[in-house]
Amino acid sequence: MKYQCKITVLEAKTFPEYQEKYLADPKAGVCPYFKAGDTFLLDQPLETDESGQLMNGAFCSEAWYSVVRYVNHALQGEPVVEGWTNDDRMMIACCTDGTRPVIFKVERIDIPENADDEEQLAKQS
């Protein structure tokens with residue numbers, strides 16, 4: 001069996017009252033990296049470039065730190081998280097920006113390579 005990991009942005013929230021009270025830029029607004037519906041499909045773990053950016057700047061490094069453990073489990077064919085969600089192949093996670101958090105769905109995609117893999121997948125569904 002081969003594995004991929006799909007990251008889907010479910011929602012990008014903003015808490016303007018916290019931004020006004022605590023941020024250097026009190027009108028920072030919603031996260032500039034993500035919008036609901038954005039998806040990222042990974043076949044292997046991401047690597048950062050010299051400036052610390054992921055995917056040529058398309059994925060925020062702070063958000064990455066919030067999902068990377070789930071991504072690594074998915075890409076290794078392990079449960080993304082056990083007993084927490086209604087499907088061990090996925091997790092709902094959130095970046096750490098408390099004034100403009102982004103909610104992600106991280107899911108393992110199972111790709112059968114032979115008949116045994118297909119049978120195993122049919123049992124899971």
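A: Let's begin with aspartate 97, which counts as partly exposed at 26% relative accessibility. Keep in mind as we go that this is a predicted model. The side chain of aspartate 97 meets that of arginine 100 in a salt bridge, with 3.0 Å from N to O. Arginine 100 is partly exposed as well, having a relative accessible area of 22%. Here is the general idea: side chains of opposite charge can pair when their charged atoms come close.

The structure holds nine salt bridges, and some of them join up. Asp87, Arg89, Arg108 and Asp110 are linked in a network of salt bridges. Let's follow arginine 89 through this network. One partner is aspartate 87, where the closest N and O atoms are 3.1 Å apart. Another partner is aspartate 110, and here the closest N and O atoms are 4.0 Å apart. Aspartate 110 sits in strand β4 while arginine 89 sits in the loop between α2 and β3, so this pair ties together parts that are 21 residues apart in sequence.

How open are these residues to their surroundings? Arginine 89 is partly exposed at 21% relative accessibility, and aspartate 87 is partly exposed with 25%. Aspartate 110, at 14%, counts as buried, because the cut-off for buried is under 20% relative accessible area.

Now let's see where β4 belongs. Four strands form an open sheet in the order β2-β1-β4-β3, with antiparallel pairing. At the edges stand β2 (39–42) and β3 (90–94), each with a single partner strand, so one side of each has no neighbour in the sheet. On average, neighbouring strands of this sheet are turned by 20° against each other, direction ignored. In general, strands of a sheet pair through backbone hydrogen bonds, either parallel or antiparallel.

Let's zoom in on β3 and β4. Strand β4 covers residues 102–111, and five bridges join β3 to β4, the two running antiparallel. As one example, methionine 90 has glutamate 107 in β4 as its bridge partner.

Finally, helix α2 (residues 61–75) lies across β1 (2–12), β2, β3 and β4, and runs at about 150° to β1.

Notes:
Residues are numbered from 1 along each chain as its sequence is written. This is a predicted model: local features need pLDDT of at least 70, side-chain atom pairs count only at pLDDT 80 or more; totals for chains, interfaces and linings use all residues. Side-chain values use heavy atoms; hydrogens and water are left out. Two strands pair if DSSP finds at least two bridges between them. Axes are lines fitted to C-alpha atoms, for helices over the stretch in contact, and angles run from 0 to 180 degrees between N-to-C directions. Contact means heavy atoms within 4.5 Å. Buried means under 20% relative accessible area, exposed over 50%, partly exposed in between (1.4 Å probe, protein chains only).
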